[in-house]
Amino acid sequence: MKSVLHRGPLAKLGDLSETRYWVYLLLFPSLILLLLVVAYPTLYGFVISVREMRLTRPGLNGWVGTKHYVAMLSDRVFWISLKNTAIWVTAAIALEVAMGFVAAVALNRNVPGTKLFGVLILLPYFLPNVVAGHMWALLLDPRLGVINDILVKVRILSSYKAWFADPATAMAATIVVEAWHGFPFFALLFLAGLKGIPEDLYKAAAVDGAGPIRQFRLITVPMLRTVITAAVILRVISLVNSPDLLLVLTGGGPGNATQVLSLYAFQTAYREFNFGYAGALAVVMFVILMVFATLYIRLTRVSKD
Amino acid sequence: MQVTKREFLVATAALALASGMRSAQAATAINYWHHFASQSEMAGLMKIIELFGKSHPGIGVTQESIPNSEYMAKVSSAVVAGGRPDTGMVVAERFADLTAMGALVDISERVKGWKGKANFPENRWTGMSQDGAIYAVPAYAFVDWMYYRKDYFEEAGLAGPPKTFDEFLIACRKLTNPAKGRYAFGMRGGAGAFKYVIDVMEAFGSPIVKDGQAAIDKAAAVEAITFYSNLFVKEKVVPPSAPNDSYRQIMEGFRTGQTAMVWHHTGSLIEISAALKAGEQFSTAPMPAGPKAHIARVAYAGNGIMKDDHVDAAWDWISFWGEKDAAIALLEATGYFPASTAALDDERIKSNPIYQAASQTLDFGRLPNRFVGAAGWSESVVNPSFQSVLTGQLTPEQAVDRMIEGLEAALR
């Protein structure tokens, strides 16, 4: 009896581990960590968006409610950025998915040299955005760019083209660069998905008379649906939030022709030191992404799988 | 070799003691944020650190290079979140924003008692002062001037560099030959374009800010933007890539012979001299004068103290930059013009004809516009508005309207 009354803390912990509360105790450190590194900054971002926070005018700082959101409605650059964000993300994702799919199918054939090509295809993704941006700025340079040189030599162009200086081509040029940089992400995930599709399904379909197109439509796409959905959501989030490639290639110009929301928020915060308005822009991006992800998951019905 | 447990403990304790002593010595270690990035700039900085180390053996300086475009982002983040450096580089264009956000420590009292102060005339301190308080010690100056291809000018039968905007336009027409891939002027229309847009506006008689209020004279500004943008839109004397050309592109254009003239400052002399022969292929001249004013900027840059943890060591470091040896070391490595009159009297400057244009500019050059929000307005409003004129999306009138509207918002 005495030994039971004077049991040590370790023994008590042992007893606790036998109860259903043990699992909450194990989750507690992770929960604290998540609150600190995810919930707090997110909430702080919301708080900043309803405050005036201009580093260079500290006297104005304070609670302003929805002022920034109201100002956004009449902000010409905001609407241009919103439109450009939609174009930039949609076009880049479409290209990346298409290129990634082709690359994944090619790599899935297990022909000699596949491993080497696999590494080569992944190379663009290994490059940091800033490095990729500077590299492409040189490749497309209107004076020294090798791409201009090739296009002139094969007579597609009559003279070197300043791709990033013309509003008609600047956005398209940046989308091509982004697609080149981002397609390995899809290739990698699609390849993993393709490897998981049992070969028997294709054999059975072939016996039933299905050609390659029907096999692709009725087996490959449905089997990859979860992977496609997850990859597209992750990539959309990444593209909407990453201004670095555009910052290097065009800085949002010429004349806001390639201005996107993330770049606008970045420039508002770090050029104008207006963290309140930049915070409101970030909240709008957050809401857009949440709505997009929810709708996209519902439309693809992937959660039912 | 076998080590006993006792020996191991003694050795560990000795190491811990030694590291503690090193930490104690490192109390005079200071860090320094700057935006020097090129090989020549880094060579100059390393030479200054070496000279400082010899004259101040008790102070260690750890330098951190931050890309120029990210410098203010990093400093403002440090101000908000903590983690300021002991000292940092301060350029005139950013001074107002840096003091407004409280990033700099008032050093007025130290400057008053500094023997080197006599080498810095009052205009050097103007760009580093706010409401009578001094926040940085000037170190070097960026003096605006024009680089021109002497050989192209001779080939075109031009007697010399243009002295006025009218002469500039005539020279532009004569020097341009698209068939040869040659354009007269390397216009900066991308990042940093605002600098010359504002200069041309002032040269046509439009002020920017007066007594803290927006003071753009619309008629003069429209005339200025029309003249400047027409070099691209109508005259076609600048490369077609101008709307996206920033520093790298205009320098490449000049170095590779695509352009015959380029506006920049003394800071790019070393880079251009490495590609072209000074005095034969290229030379320098003061900026051409506009119809109403002769504008060229003389932007003093210096160093300030950003936190007062090691304020004595920090002061020794930033004031060392103002001494002649440090200024000459930087000049030799980078071509950056000294702010100190003692260094300006050096024979290497006085006897070099290429520097004459900079010396002349010092007589009439103006400090850059200084007002809180200047950097944000310049980059976020002036740049895209001017680019839009170049690309035909806006008329000069519309662009000036946007600049006025943006300036008023920035000053609010």
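Predicted model: local features only at pLDDT ≥ 70, side-chain atom pairs only at ≥ 80, totals over all residues.
The radius of gyration is taken over C-alpha atoms, and the globule rule with which it is compared is 2.2 Å times the number of residues to the power 0.38.

View 1. Residues are numbered from 1 along each chain as its sequence is written, chains are lettered from A and ligands numbered from 1 in the order in which they are written, and side-chain values use heavy atoms, with hydrogens and water left out. For the 412 residues of chain B a compact globule would have a radius of gyration near 22 Å, and the 24 Å of chain B agrees with this. The C-alpha trace of chain B spans about 85 × 50 × 45 Å along its principal axes, and its secondary structure comes to 19 helices and 13 strands; here helices (H or I, at least four residues) and strands (E, at least two) are DSSP runs, numbered from the N terminus. Chain A has 14 helices and two strands. Its radius of gyration is 26 Å, well over the 19 Å that the globule rule gives for 305 residues, so chain A is more spread out than a compact globule.

View 2. Domain 1 (30-142 + 298-364) and domain 2 (144-297 + 369-411) of chain B have bounds that come from an automatic or database domain assignment. Their centres, taken over C-alpha atoms, are separated by 27 Å. In contact, meaning heavy atoms within 4.5 Å, are 27 residues of domain 1 and 22 residues of domain 2. About 1900 Å² is buried between the two domains, and carbon and sulfur atoms give 63% of that area; buried area is the accessible area (1.4 Å probe) that two parts lose on being put together, summed over both. On the side of domain 1, B:Phe142, B:Ile354 and B:Phe364 lose the most area to domain 2, together 32% of what that side buries.

**View 3. The interface of chain B and chain A.** Here 36 residues of chain B are in contact with 29 residues of chain A, and the area buried between the chains is about 2600 Å², of which carbon and sulfur atoms give 53%. Three salt bridges are counted between the two chains, a salt bridge being a side-chain nitrogen of Lys or Arg within 4 Å of a carboxyl oxygen of Asp or Glu. A:Arg271 forms a salt bridge with B:Glu379, with 3.0 Å between the closest N and O atoms. Helix H3 (68-81), helix H11 (247-255) and helix H18 (374-390) of chain B are among the elements that give two or more residues to the side that touches chain A. The largest share of that side, seven residues, comes from H18(B).

**View 4. A salt bridge within chain A.** Side chains of opposite charge can pair when their charged atoms come close. The side chains of A:Glu96 and A:Arg235 meet in a salt bridge (2.8 Å, N to O). A:Glu96 lies in helix H5 (residues 76-107) of chain A and A:Arg235 in helix H11 (residues 212-241) of chain A, so the pair ties together parts that are 139 residues apart in sequence. Over all chains, the structure holds 25 salt bridges.
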